[in-house]
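Me: I'm new to this one and would like to learn how to read it. Can you walk me through it step by step?

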Amino acid sequence: MRLLVASLLLITAYAFAADIPTEFATACIVPDVLPKAPNELLTVTFKDSNDKDKDMQFGDELTPTLVKDPPAMSWFSEDSAYYTVAMVDPDAPSRDDPKLREMLHWLVCNIPGGDLSKGDVIVEYVGSAPGKDTGLHRYVLLAYKQPEKLTIEEAHISNHEHTGRPAFSIKNFAAKYKMGDPLAGNMYLAQYDEYSDIIRKQLGET
């Protein structure tokens, strides 16, 4: 119990110690993705090849191989509230030529409290898949508080579908459903490795 409390205190301390608005501005997520940064760090944890937790720090460079499966995420949530989480790539096909900004990698709505597993998956997760020689891409993860439980009009997109993912705008989606600014956020960097080809084939791009 003491270890659990200590871990929670450490996570809380880091979440508030990190200057998330400054980090988002320095990484140009504001204004490339959002008009205003969240104040809270979104805690994001991937599993490595040995099934060990990899706690992501803002701006970490991660491989497509590492992020092939959806991460665990947590934020300061209320039991009675509903939340949306999203993951987007504003650098598609590259940061120098972001004509497909934003590529939507994941969208889950109507998450009760902080229980991501009970949310409505609108867009199934696909990991990072930067093309060869396109450099580092930013992958932005965000959590929003919903005004209420929502009826989402957008069609479900499976993890084998590319259609509906390019040219998404999380800012416009949040405005449409009156979510306001995100509560929490995080970002990692990734560039091409061989797993990118697997994702692209899965989505029918190659």
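Me: Let's begin with strand 7: how many of its 10 residues are buried?

Reply: Before we count, keep in mind that this is a predicted model. A residue goes down as buried when its relative accessible area is under 20%. In strand 7, nine of the 10 residues are buried, so the strand is mostly covered by that cut-off.

Me: Which strands does strand 7 pair with, and how do they run?

Reply: Look for bridges between strands. Strand 6 (residues 82-89) is joined to strand 7 by seven bridges, and the two run antiparallel. One place to look is Val85, whose bridge partner in strand 7 is Val108. Strand 7 is also joined to strand 8, by three bridges and again antiparallel. There, Cys109 has Asp120 in strand 8 as its bridge partner.

Me: And side chains in a strand, where do they go?

Reply: As a general idea, side chains in a regular strand alternate between the two faces of the sheet.

Me: What is the strand order in the open sheet?

Reply: Three strands make up that sheet, in the order 3-2-5, with antiparallel pairing. Strand 3 and strand 5 are at the edges with a single partner strand each, so one side of each has no neighbour in the sheet. From one strand to the next, the twist averages 25°. If you zoom in on strand 2 (residues 43-47), you'll find three bridges to strand 3.

Me: Now the rings. How many aromatic pairs are there in the whole structure?

Reply: A search finds seven. In general, you describe a pair of aromatic rings by the distance of the centres and the angle of the planes.

Me: What about Trp106 and Tyr125: what kind of pair do they form?

Reply: That one is edge-to-face, at 5.2 Å centre to centre and 85° between the planes. Trp106 sits in strand 7 (residues 103-112), while Tyr125 is in the loop between strand 8 (120-123) and strand 9 (137-145), 19 residues away. Trp106 counts as buried because its relative accessibility is 6%, and Tyr125 is buried too, with a relative accessible area of 8%. Elsewhere in the ring list, Phe46, Tyr139 and Tyr188 are linked into a cluster by ring pairs.

Me: Is Pro71 buried or exposed?

Reply: Buried, because its relative accessible area is 5%. You'll find Pro71 in the loop between strand 4 (60-61) and strand 5 (72-74). Leaving out residues up to four places away in sequence, Pro71 touches several others, including Thr45, Phe46, Trp106 and Tyr125. Pro71 and Asp53 are 18 residues apart in sequence, with 9.6 Å between their C-alpha atoms.

Me: One last stop: what does the side chain of Thr134 reach?

Reply: It reaches the backbone oxygen of Gly131, at 2.7 Å. The Thr134 side chain also has a polar contact with the side chain of His137, at 2.9 Å. Thr134 is in the loop between strand 8 and strand 9. Setting aside neighbours within four places in sequence, Thr134 is in contact with Pro93 and Ser94.

Note on methods. Residues are numbered from 1 along each chain as its sequence is written. This is a predicted model: local features need pLDDT of at least 70, side-chain atom pairs count only at pLDDT 80 or more; totals for chains, interfaces and linings use all residues. Side-chain values use heavy atoms; hydrogens and water are left out. Helices (H or I, at least four residues) and strands (E, at least two) are DSSP runs, numbered from the N terminus. Buried means under 20% relative accessible area, exposed over 50%, partly exposed in between (1.4 Å probe, protein chains only). Contact means heavy atoms within 4.5 Å. Rings of Phe, Tyr and Trp (its six-membered ring) pair if their centres lie within 6.5 Å; planes under 30 degrees apart count as stacked, over 60 as edge-to-face and the rest as tilted. A polar contact is a pair of N or O atoms within 3.5 Å; within protein, one must be able to donate a hydrogen and the other to accept it, and residues adjacent in sequence count only if both atoms are side-chain atoms. Two strands pair if DSSP finds at least two bridges between them. Axes are lines fitted to C-alpha atoms, for helices over the stretch in contact, and angles run from 0 to 180 degrees between N-to-C directions.
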